[in-house]
Amino acid sequence: MSDKTFQKIIGNNNTQIGSIENVESVSITYTCSGCVGVIAQIAQASITLRAKPISKLPKPFHKLVGRNKEVEIALNTLPTTEPVEFYGVAGIGKSVLLQYLANHPHISSSFPEVIIYYDVAYKETPLDILQRILQSFYEVEKGYVASEIQVANFLKNKKPLIILDSSGLSKEDKEILINTLPDSSFLFSSHERHFWGNGRSKELSGLDLNASLELVKQTLERELMPLELDDAKKLCNILEGNPRKIFQEVELVRDGKYTFALLAKQSESNKFNRSGLIISVLSQPHRLVLSFLAAIGINVSIGADAVAHIAELSESSAILTDLASQGLVKVVNDRFQIVSDLVNEMQSSIDVSTWITKATQFFTSWTKQHQDLPEIVLQESDVILRVMELSISSGNALEVVELGKVVESAYAISGQWGRWEIVLKWVQEASQIIGDEAIKAFALHQRGTRALCLNQMESAQKYLTQALVIRESIGDQASIGVTKHNLNLILKTPSGSPKKSSNNNSSLLWKSSIPIFLLVMISFGLLRQTNTTPTTNPELLKQSIESLWQGVKSLSDTQLLNLISIFQESFGQGMKSFGGSLVNLLPKLKSIELSSQTVKAGESVKVRVVLDNPVTPETSKIELVSSNFRVKEASGNINNNIEVGKNYGEFEFSIPQDLQDFPEITISAIYNGERKNVTLKVIKQEPEAISIEDLRFQENSIKQCMNKDNITTNLEVLLNKSIQSGEREIALASSNPNIIFSKKVPITDEDTNPKIIPVTITTPKQQTLGQQVVNISAALIPQSQNINSLSQKKTASLTIEYIKPPVLKNIKLEKKVITVDFDNTIKGTSIYSNSFVIGTVEVDSFMTNKGILEISSNQKDRISKPEITSNGKIFKFKFSLQKLKGDSPSKSIPITITAIYSDSSITNTCAPAPISETITLDFPI
C-alpha cells in the first residue's frame, strides 16, 4: 500500500512528511539555508501491512492485591469494545493494575490479534499515539505521518486492545482516539473521571486493611511481628490504603530507618510532611537527584547522564536505581521520572528556579552538540519540552528559540507531529517576546507546512499567509519563494488552474474584500489629492477612513492577511507600504498597570492592560507572562481575552506563599507583536526560624525497679525544617533538681527528622514506691555554645514508676516422680501415656496482665509445649513427657524444669531470677 507524499529538507535529512490531495507532481528548487521547505518531488511512501502485528506489553506484575473487583470489570467490559478507565489519586495503583491486566491470560484470549501497551510520554498527543499504533500493524517508511482519517482507514476492522497509561491525556484526547479507531478496545488510566455514559469509569480507592497488610508483608519480605501488627494497621489506615505511600514508608522500616510505631505516630500530626520524612533519611547525593526530578515535574523522563551533569555528580545511575527500588522514582524506557505524589510537597521546599536554570543551560548547550543527531535529541525530548515550557512561562524566550530550533526538526523527522506543533507554537510565542520577525515567520511557515501535509487547508493557508506577509515586510528573499510555493499548493494545482475547495473561503474573501477595496481606493485617491490640495473635502476623507476602519474590523485575522497578500500581488511593490499601513490600523498596546507596586507573598495583584482602540472578536486575545513561572502557575489559567468592544482588560496574578529569592517580578503584556513590561516588588517574608517543633519520649512512662541506678530510653526531637550539618546542636537539660542531666547532641546530614537521641537518666539515690515525673527540655543552640539557660525550648515529660521487683517464690508439683510404661505411648506420637506433669508457680509482689511465664527443661525436646494459665499471682502449668532416643526402662531419668518470668511493661533489670525444680521419670520393673 502506498500514499502520495511530498518531501522536505531539514539540514541533511530528507524525509517523507505527508500528503496533499489531488496533487500529481510539483517542482521547486529549495536552497534556503537554515530554513525548512518543500522540495519539488512527489514520492511514494512505503507502508506495508505486517504479517503479524507487533504486540507491546509491559513487564508482568504478579503480586497485585486487593483489586479483584476492578479486574473483573475490565475482563467483562473490554471485549465489548466499550472503553474502560481507572481513575484515582497519585500512587493509588493505576499503572500497576494496567500492567497486570495487560498480561492477564483472559485478556490475551479475548484479544488474539494484538495487545498494545504504551506509557504515554510527556505532551504526547493523539496524533502521535495514532502513529505508534499504526506502526504496530504496518511497516512505515521513516518520517511518514498519516492523518487521523488515514489511520482510521488503515486500521479499519482491526480489533486490538490498546492500553494507555495516560494520566496526561484529556477527555478530548481520548475521544479523538476512540472515534478514530471505533473497532478497537481502549483501557485508560486517569487522575480524574472522563467517561460519563460513553464508557466504563471506575475510581480506584485505597486498599482495604487486609490487602494493605498483605502489601506490607510483600514489601518487608517477611511476616509482621506481633508487636508491629497494631502500629502497621494504624499506619495503613492513616495512609488511607494508598499502595505507593504504604510501600514507600514500609521500605523505611525494612531498611531499619524507622519503626511502625514511630511512623504511625508522626503520620498522625497535622504538620506531618511525608516528603520531608522521606528526604531526611536519604544521603546528600540522593537528595540532590530527587530534588532535581521534583523541580522538572510530573511525567517528565530524563536519562542518568543528564541528571549527573545537572546535579554535578560523577555518576547517578546507581542513585536513580536505588531511588526506584524505594518507590520514589519510576523507570520508563531506561529513563527516570519522579513519582507524582512527591512533586507538590517537594516543590514547596526546594529552589525550583535554580534547578530549571541549570537544566536550561545544560540542554541549550547539549542540543547544539547533538543537532545533527535527531535520534539522540529525541531521547531527552521529555525534559527538553518541559524546560521549554517553563522557559516560555517565565519569559526566557531566547532559550526557547535555541532549544526549539533543534528539537522541532527532530520531531518532524521522527513523525511526532503533535509534539512538533507544540514546539512550533512556543517558538512563535518566544519570537513575539524578543521581537524577532524572522523567527516568527519561520515558526508560522513550519506550522503552515505541517498543516498542509495533514490536509488541514484552512490552517495551512492562515499560517503560510502570515509567514509570507512577514517575510516580504522584512525582505527575506531567500525564504519568500519557499513560502509562496507552499501557499500556491493550496490555491492552485500544478497545471495552474484554480483548485476546487470544499468550502467557499476564497470567494467569501473576495466578496468581503470588494467594499473594503473600493473604500481603500477612494481613501487612497483622496489621500493623494490631499497631498496636493490640502483643503479638498476633509469631512469626506474622515468619513471614508471611518468606514474603512469599520470594514477592516469586521474581517478575521486570516481574511485581513489574505487581503493584504492579494493586494500586494495585484499592485506590486507599491502596495507594500499599504499592507503595513493596514496592519497598523489594528489596536495597539498602550500601557500595562498594576493595582499595587508591591505585594506580599501569598497575595494577588490585579493587572490592567490598555489598548488604544476597542477590540473585535478576532483581536481580543492578549498574552500575559511573568518572569517567574511559578507566579503564572499559581494564578491558574488566566482568561487572556479583552472583552469585545472595550480597549482594556483586567487580570489577576497570584504570588505563591513560599516564593523566595525574587524581590522583583516582571509582568509582561504582549499584543500584536508589541510588548510592555511592569515591575512588581515582592515583599520578602522572613523565613521561618529553625526551631524544635515537638519533643517527646518514645515511651511516656517506664516502670523501674527499686534500687536500680540508671534508666535508658529514647527521646524524639522533631525540627520544623531540615538544617545542614554543623549549623546547630540540640541542647538537653533536666529541670528536676534531684536529677542531674545535661547533654549536647550535634546534628548531621545523615540524621532523620525526628532525630532519635538515646537518653540515660541517673535517678535519685532515695527512691520510694510510686510515680515520679522527669522533665527534659531541649533547645537549638549554635554549635560549640555553652549550655547556660535554654530559651525557646520544648519540654517532654517521662513518668517513672518505681516498683518492687517481682519474685518467683517456688515451683509446686503435684508429683515429683512420674511413673510410665516404657512401651506405652500415645498413638501417633512419642509422648508417654499418663506422663502429665502438673504444677504451679507463685509470683510475689508486682505483677501486670502482661506478665508471661515460660517453662523449659534441661533436656531438649523432653517436654511438650506447656499449657499455662494465670489466676492472679499464681501460674498453673501442665505438660507431658516425650520419649527420647536413648531412654532405657532399666534406669530412672532426672529432669530439671525451670520457670522464667518476664513482663513487657517493666525493664529487663526488674526481671526476677529463674527458679528450678527436679522431677524424675521412672519406669516400673
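These notebook entries record what I looked up in the structure.

**Entry 1: the model.** I noted that this is a predicted model, in which local features need pLDDT of at least 70 and side-chain atom pairs count only at pLDDT 80 or more, while totals for chains, interfaces and linings use all residues. Residues are numbered from 1 along each chain as its sequence is written, and side-chain values use heavy atoms, with hydrogens and water left out.

**Entry 2: the whole protein.** I looked up the secondary structure and found 28 helices and 34 strands. Helices (H or I, at least four residues) and strands (E, at least two) are DSSP runs, numbered from the N terminus. The protein has 925 residues, of which 50% are buried. Buried means under 20% relative accessible area, exposed means over 50%, and partly exposed lies in between (1.4 Å probe, protein chains only). I recorded an accessible surface of about 43900 Å², with 49% of it belonging to carbon and sulfur atoms; such areas come from the Shrake-Rupley method with a 1.4 Å probe, and for residues only the protein chains shown count as cover. Of the contacts (heavy atoms within 4.5 Å) between residues at least 6 apart in sequence, 71% join residues at least 24 apart.

**Entry 3: a sheet.** In which order do the five strands of the open sheet stand? I read the order as E5-E7-E8-E4-E9, with parallel pairing. Strand E5 (115-119) and strand E9 (200-203) are at the edges with a single partner strand each, so one side of each has no neighbour in the sheet. From one strand to the next, the twist averages 15 degrees. Two strands pair if DSSP finds at least two bridges between them; E5 and strand E7 (residues 161-165) have five bridges in the parallel sense. Within this pair, Ile-115 is opposite Leu-161 of E7.

**Entry 4: helices across the sheet.** I found helix H1 (residues 68-77) lying across strand E4 (84-87) and E9, at about 170 degrees to E9. Helix H6 (residues 171-180) lies across E4, E7 and strand E8 (185-190), at about 170 degrees to E8. Axes are lines fitted to C-alpha atoms, for helices over the stretch in contact, and angles run from 0 to 180 degrees between N-to-C directions.

Entry 5: Helix H7 (residues 209-220) packs on H9 at an angle of about 40 degrees, and their axes are 9 Å apart. H7 is therefore oblique to H9; angles under 35 degrees count as roughly parallel, over 145 as roughly antiparallel, 65 to 115 as roughly perpendicular and the rest as oblique. Residues in this contact include Leu-215 and Val-216 of H7 and Ile-246 and Phe-247 of H9.

Helix H9 (residues 243-254) packs on H10 at about 140 degrees, again with the axes 9 Å apart. This angle makes H9 oblique to H10 as well. Here Glu-249, Val-250, Leu-252 and Val-253 of H9 meet Phe-260, Leu-263 and Ser-267 of H10.

Why is helix H10 (residues 260-267) largely enclosed by the rest of the structure? Six of its eight residues are buried. Among them are Phe-260, Leu-263 and Ser-267.

**Entry 6: Thr-666.** I located Thr-666 in strand E17 (residues 664-671). Thr-666 counts as partly exposed because its relative accessibility is 28%. Ser-626 is 40 residues from Thr-666 in sequence, yet the two are 5.8 Å apart in space, C-alpha to C-alpha.
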